[in-house]
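User: I would like to go through some of the labels used for this structure and see what each one rests on. Please set each value against its definition.

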Amino acid sequence: VQLQASGGGLVQAGGSLRLSCAASGSTFSSYAKGWFRQAPGKEREFVAAIGWSSGSTYYADSVKGRFTISRANAKNTVNLQMNSLKPEDTAVYYCAAGPRATWEATEYPYWGQGTLVTVSS
């Protein structure tokens, strides 16, 4: 049972990146998925989440209107399209899976390894 995040990299401010998280294991087929990030010297923070059956989405205020979370049920994959990136978006981004879509990291028992996003000014 694993979550594999990919798609991070270096991008200039104003650019875009698309993160993907592939979940293996039938357990994840009905789990909500979330994205969190952790910048150097800071605590992990919520970015976005999506309910797997409802498709309801939730965003942190800091990314609302710039980031879009989506799912591909057949592939058990969740994506995070990040547009209009800012230097303050620089962080390691983690995908997570849990029984419900929430901003609370403690509600997600399963975590991927993280992918680094660096936004240069």
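User: How many disulfides does the count come to by the rule?

Analyst: The count comes to 1 disulfide, where a disulfide is a pair of cysteine sulfur atoms within 2.5 Å. This is a predicted model, in which local features need pLDDT of at least 70 and side-chain atom pairs count only at pLDDT 80 or more, while totals for chains, interfaces and linings use all residues. Residues are numbered from 1 along each chain as its sequence is written, and side-chain values use heavy atoms, with hydrogens and water left out.

User: What makes Cys21 and Cys95 a disulfide?

Analyst: Their sulfur atoms are 2.1 Å apart, and the cut-off is 2.5 Å, so the pair qualifies. Cys21 sits in strand β3 (residues 17–24) and Cys95 in strand β9, 74 residues apart, and the pair links distant parts of the chain. Strands here are DSSP runs of E with at least two residues, and helices are runs of H or I with at least four, numbered from the N terminus.

User: Why is this disulfide of Cys21 and Cys95 called right-handed?

Analyst: The torsion about its S-S bond is about 60°, so the disulfide is right-handed.

User: Why does Cys95 count as buried?

Analyst: Buried means under 20% relative accessible area, exposed over 50%, and partly exposed in between (1.4 Å probe, protein chains only). Cys95 has 0% relative accessibility, so Cys95 counts as buried. Cys21, at 2%, counts as buried too.

User: Why is Asn79 called buried?

Analyst: Its relative accessibility is 9%, so Asn79 falls in the buried class. Asn79 lies in strand β8 and touches Arg18, Leu19, Ser20, Trp35, Thr68, Ile69 and Ser70, not counting residues up to four places away in sequence. Contact means heavy atoms within 4.5 Å.

User: What joins the side chains of Asn79 and Ser20?

Analyst: A polar contact of 2.7 Å joins them. The term requires a pair of N or O atoms within 3.5 Å; within protein, one must be able to donate a hydrogen and the other to accept it, and residues adjacent in sequence count only if both atoms are side-chain atoms.

User: Why is Ser84 called partly exposed?

Analyst: Ser84 has 41% relative accessibility, so Ser84 counts as partly exposed. Ser84 lies in the loop between β8 (77–82) and β9 (91–98).
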